Amino acid sequence: MRKLWFFIPVLFAITALVFWGCKKDDPDNNDPVPTDEIELIVNTDGVSETQKRVHYINEPLFDTSYQKKKKDSRAVGAEALFMHVAEVESPVVGDRVLSATHVKFNGKFAYVSYHYNEPNSSPMSEALYEGHIDVFDVENPLFPIILSTAQNHRADFNTMFLDYETTGAQRRLWIGATDYGVGGAVFDLDLTDNVILPGTMMTRYKTPPGNSVNGVVRSADWLYATAGRTEGGVFVFDEEKMQLETSLTNEFENAKYAAVSGYSVGDKHVVLRSGTNAQLLVYEVGAAHTEIATYDIGSIEPETGKSGIYVKNNICWVAMGYAGLKAFDLNDGSLVHTLSPENMGDAAVTNGVCLDDDYVYVANGSDGLYLCAMVEGQQELEVLETHNFGASANYIDVGEDLIFIANGREGLQILRRIPPGDYTVICDYDDDGIPECIEPNPYDLCETLVSDLDAALPESKSVFTYHPEYLDNPNTTLELLEPATVYVTFIDEGAGWKNSLGTYHYPADSPPETVDDIRDSKLLIYPNSSKQGAGGALTAGTTIKLLGTFPQGTNVGAFLVARGWAGKSSTYPSGLSEGAYTHYSNDILNIAQAQQTLLFYDVSCDAIVLAIEDVKVGTGDDDFNDCMFQIIVDPPTAVNTDLYIQIGE
């Protein structure tokens with residue numbers, strides 16, 4: 001069934017990202033006090049930012065499916081292939097390279113924050129502050145793009161929390177910051193339709209006396225901010241009015257990250273206090289903000305390190321710096337999981353951690369990413385794979401199938417997790433194999449298109465005999481001459497089998513030599529490509545829009561899983577099967593490297609048509625009319641239609 005390829009974020013040394021430096025934590029830094037409404041400088045030229053800063057890689061990183069062959073004793077929840085998708089350079093302001101600090105996912109969007117990490121002992125000045133946010137579109141996980149950027153010149157952006165509620169088209173993004181004028185602050189930023197619009201204003205709220213907000217999280221009616229390395233505590237705001245209600249603990253050192261076990265009254269609010277006598281402070285979410293427990297958890301060094309926490313299933317995972325990773329039961333403070341220093345490299349400093357249903361992802365400083373699994377009956381995590389990106393992994397977050405790793409001044413690494421199988425399905429589908437993400441056809445089917453195809457590909461007439469000239473045309477994939485969106489529209493079929501249709505893509509200057517070369521991009525779009533009355537439910541004009549916008553220089557091809565749809569008789573719960581065999585637009589990938597697809601351009605209809613022979617050539621009628629789809633490219637200038645077989649003239 002499915003199998004894809006993943007990615008990973010960027011580079012830099014651990015201490016650089018998180019060091020605020022004594023200067024920025026100076027409690028006397030209270031002059032001048034600016035307005036509480038601060039306008040962001042928004043750059044909506046995401047195309048230029050993407051071209052300048054995003055470097056696509058899309059190469060396999062590691063595959064956990066091989067682990068079972070090595071270690072049968074380990075029970076992994078699911079096997080997966082991980083791809084290194086891209087590296088993203090940090091933004092540069094003047095001659096200053098900013099440091100990536102935090103990541104938040106929001107469906108098909110992602111947000112990355114940055115601050116200016118000044119050299120040690122720098123003289124205090126407003127020039128030492130810079131906050132920046134990248135807004136990513138990750139709809140196409142192989143080609144994530146920067147939609148826009150937003151920045152200000154007087155406050156560092158240290159951490160973020162994306163609100164879980166929306167009001168109309170707006171969702172609040174809370175930013176924990178260090179402001180030149182007032183010290184520790186929380187900024188309230190309204191996203192509109194998931195993006196930051198030009199002219200957007202941030203509202204600033206002071207966290208006295210904390211001078212550097214390192215953690216911010218919301219639950220129920222309250223927003224919690226953790227601030228201050230030398231002087232600070234936990235500050236509680238009424239979320240709606242953003243009035244400071246109380247300081248839960250005044251003037252305690254090394255106030256670090258905050259997390260919650262849920263978003264309702266009665267859930268737990270957890271605060272990390274780092275240092276040589278580190279603690280987890282646990283409060284009940286509610287009007288009384290009752291302290292439930294304080295757990296001593298050992299020593300976290302360096303004290304200036306990132307020290308992230310992650311709460312899942314009432315277990316708090318703590319990045320312990322040189323002491324590795326520890327996970328504590330929030331009910332009694334017991335230690336339930338560890339990743340010990342002796343099982344890590346000499347350069348490992350654990351800065352961040354996050355989990356999905358199967359893996360534990362650890363940002364281990366200059367030792368990079370550690371992919372780990374929990375082993376039943378064993379406290380110590382099992383390290384499955386590691387990868388060093390040549391920088392310090394400082395913060396990590398997981399989206400639907402993407403992993404972003406913040407690497408300080410070296411920016412971001414993007415990874416992708418691909419489940420077992422041979423392809424990804426574009427969206428859910430019904431019992432007939434009809435995708436739920438069907439879109440209105442942007443163009444009506446040309447009235448003469450079917451008759452033109454009937455004339456070009458008569459039923460049961462072998463192309464090899466009646467139109468051998470078709471096979472002289474080597475162009476069987478679309479080469480995009482500029483960025484474009486692609487739609488695939490069902491026209492007709494002449495197949496007896498119930499087949500499954502998908503697409504794949506690759507750089508035009510790097511054609512595949514094996515299926516493994518395009519496995520990461522295989523996307524099934526029509527689980528059942530049969531029409532009504534012939535084993536399926538497709539009708540002429542049914543249209544699917546492929547994910548995202550493909551960059552210039554991309555080739556798009558198609559694959560057909562012959563007899564891929566089995567419906568209720570399938571041994572797979574999804575109705576799909578492995579099929580008889582799979583055909584590709586690139587002949588080199590096919591059985592005996594035989595050609596199974598043709599690309600036509602109907603001149604009178606101005607239509608590109610993909611035609612496929614579902615049975616292995618030489619064993620059927622070879623009429624190439626078993627599956628026929630129109631390919632719509634927006635803008636049309638992105639393809640040279642002169643390259644394809646011309647019909648309808």
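**Guided tour of the predicted model**

Select β37 (500–507) and β38 (residues 523–526): three bridges join these strands, which run antiparallel. Strands are DSSP runs of E with at least two residues, helices are runs of H or I with at least four, and both are numbered from the N terminus. Two strands pair if DSSP finds at least two bridges between them. Within this pairing, Thr-503 stands opposite Leu-523 of β38.

This is a predicted model, in which local features need pLDDT of at least 70 and side-chain atom pairs count only at pLDDT 80 or more, while totals for chains, interfaces and linings use all residues. Residues are numbered from 1 along each chain as its sequence is written, and side-chain values use heavy atoms, with hydrogens and water left out.

**The largest cavity**

Next, display Val-556, Gly-557, Ala-558, Leu-610 and Ile-631, which are the closest to the centre of the largest cavity among its 15 lining residues. A cavity is, on a 1 Å grid over the protein atoms alone, a set of points where a 1.4 Å probe fits but cannot get out; lining residues have an atom within 4 Å of a point. The structure holds two cavities of 30 Å³ or more, and about 100 Å³ of space lies in the largest. Volume here is the space filled by probe spheres set on the grid points, which are joined across faces, edges and corners. Two or more lining residues come from each of β36 (485–493), β37 and β40 (554–562), with β40 giving the most, three residues. The lining has ten nonpolar, five polar and no charged residues. In this classification Ala, Val, Leu, Ile, Met, Phe, Trp, Tyr, Cys and Pro are nonpolar, Asp, Glu, Lys and Arg are charged, and the others, Gly among them, are polar.

**The largest pocket**

Now select Tyr-56, Phe-143, Pro-551, Gln-552 and Thr-554, which lie nearest the centre of the largest pocket, itself lined by 35 residues. A pocket is an open set of points with protein on both sides within 12 Å along at least five of seven lines. Its volume is about 940 Å³. Strand β3 (54–63) is one of the elements that supply at least two lining residues, together with α3, β10 and β37; the largest share, six residues, comes from β3. By class, the lining divides into 19 nonpolar, twelve polar and four charged residues.

**An open sheet and its helix**

Move to the five strands that form an open antiparallel sheet in the order β2-β10-β9-β8-β7. Its edge strands, β2 (41–43) and β7 (99–106), each pair on one side only. Seven antiparallel bridges connect β7 to β8 (residues 109–115), and His-102 stands opposite Ser-113 in β8. Helix α3 (residues 46–53) packs on this sheet, touching β2, β8, β9 (131–137) and β10 (145–152); contact means heavy atoms within 4.5 Å.

**A hairpin**

Finally, select β21 (residues 275–284) and β22 (residues 291–300), which run antiparallel and are joined by seven bridges. Leu-280 stands opposite Tyr-295 in β22. The two strands form a hairpin with six residues between them, and His-289 in the turn has a positive phi of about 50 degrees.

Methods
Axes are lines fitted to C-alpha atoms, for helices over the stretch in contact, and angles run from 0 to 180 degrees between N-to-C directions.
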